[in-house]
Amino acid sequence: MASSNFIDYVKFCSRSGAGGNGSVHFRREKHVPKGGPDGGDGGRGGHVILRGNAQLWTLLHLKYKKHVIAERGNNGEGGRRKGADGQDVVLEVPIGTVAKEAETGEVRCEITEDGQEVILTPGGRGGLGNDHFKTSTNQAPHYAQPGGEGVEEWMILELKLLADVGLVGFPNAGKSTLLSSLSAAKPEIADYAFTTLVPNLGVVDYRGDRSFVMADIPGIIEGAAEGKGLGLRFLRHIERNSILLFVIPADAPHLGKQYRILVSELNQYNPELLDKKRILAISKADLLDAELTTALEAELPPEVPHLFISAVTGYHLPELKDLIWKSLQ
C-alpha cells in the first residue's frame, strides 16, 4: 500500500436526480370522441449508491470527484407511457467505508460486505400522470403531479480498515518490523520517527492453513489527542480490530508509563476502544538478559497478557501468534 496512493478520507457533494413530471394528456383516437385522460407517470430520479468492493483498499479513485450528480428522470407521456428513470451513479468503495453527513457528522451508512449496496442519496420520485386523478365527478383532470426534487448534500467517506489485530505504539517501537517479520507485507522501515505515514496491512499465516490480518497504524505520541505528531487521524483504522497489540520497545524508559500514555490517548479518542482485548509485546528483547527481563516485568500491568519478543531474531514470535490466535477465538 503505497503512501502516495492511500487515501482514507474524501468529502464530496452528492446530488441525486429530480423525478420526471407526470403527463397531462387525453386519448385522441378516431371514432372515440371522449377517450379520457391517459397521461403517464414521470420516471424516478437517479440515486447515488455506494457499493462495497473487496478489491479496493483506498478511496484514491474518489479523491478528485468533488461533485457526484445523478440523472433526472424523464417526463411521462401520453398513452400511459412512463418516463425513463434517471441513471443511478454507483460509487465503488472499499470494505469498511463509513458515510457521514458533512454538516452534522451523523453516520448515514457503513459498507461491511463485498457487493453490499446502500442508497446514499435517493432520487426524487416520479410525478403521477393525470390518468391517476380521474374520478366519476372529474373525468377530465387537466393536471398532473410534478416530479419530486433531487437531494443535494455534502457527504464524507471515511475508510476504517478491517483487521483482526491492530498494532498500537509510539514511533520507532518496532511495529513495522514486527509486521514485516510476521507477514509478507513490506512497510518502510527506518531509524527515524514517523517512518510509517499510512496504515499497512499484512496477512499472518498460522498453523493449519489458518491466518489473521494485522494492521500497522502510524505511531502516536503523548498529546496526540491535541493534534501533536500525526494526531489521531489514523486511529479510526483500529476501531474495528478485535485485538489491540501494544508494542513498546525494551529500551524505552518506564514501560508501564509508556503503556498508560498509549491507553490514555486511545481513551481520549474513543473510550470504546478500551473495551477491546489487549496484548502487550515488549519488542527488541534481544537486547535484554534474564535479570533485566525479570526487572522490567515488574513494571508491566498485571491484567494484560505480555510477551518479550524480537522481530529481528524471531524470539517468541511463534508464542505471540499463539497468544493472538487464542484471543481471537
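Predicted model: local features only at pLDDT ≥ 70, side-chain atom pairs only at ≥ 80, totals over all residues.

Colleague: Is Asp131 buried or exposed?

Modeller: Asp131 is buried, because its relative accessibility is 15% and the cut-off for buried is under 20%. Lys134 has a relative accessible area of 40%, so Lys134 is partly exposed.

Colleague: What does Asp322 pair with?

Modeller: Arg207. Their side chains form a salt bridge, 2.9 Å from N to O. Asp322 sits in helix H4, while Arg207 is in the loop between strand E10 (200-206) and strand E11 (210-216), so the bridge ties together parts 115 residues apart in sequence.

Colleague: And how accessible are Asp322 and Arg207?

Modeller: Asp322 is partly exposed at 25% relative accessibility. Arg207 is partly exposed too, with a relative accessible area of 48%.

Colleague: What about Glu153? Which side chain does that one meet?

Modeller: Arg108, in a salt bridge of 3.0 Å, N to O. This pair links distant parts of the chain: Glu153 belongs to strand E8 (residues 152-159) and Arg108 to strand E6 (residues 107-111), 45 residues apart.

Colleague: Why do you call Glu153 buried?

Modeller: Because its relative accessible area is 16%, and buried means under 20%. Arg108 comes out at 30%, so Arg108 is partly exposed.

Colleague: Which residues are linked in a network of salt bridges?

Modeller: Arg51, Glu92 and Glu117 are linked that way.

Colleague: Switching to backbone. What's the phi of His254?

Modeller: Near 55°, which is positive, and His254 is not a glycine. His254 is in the loop between strand E12 (243-249) and helix H2 (255-269).

Colleague: Is His254 buried or exposed?

Modeller: Exposed. Its relative accessibility is 55%, and the cut-off for exposed is over 50%.

Colleague: And His316, what's the phi there?

Modeller: About 65°, a positive phi although His316 is not a glycine.

Colleague: Where is His316 found?

Modeller: In the loop between strand E14 (306-308) and helix H4 (317-328). His316 counts as partly exposed, because its relative accessibility is 24%.

Conventions:
Residues numbered from 1 in each chain as written. Heavy atoms only, no water. Helix = DSSP H or I, 4+ residues; strand = E, 2+ residues; numbered from the N terminus. Buried < 20%, exposed > 50% of the residue type's maximum accessible area, 1.4 Å probe, protein only. Salt bridge = Lys/Arg side-chain N within 4 Å of Asp/Glu carboxyl O.
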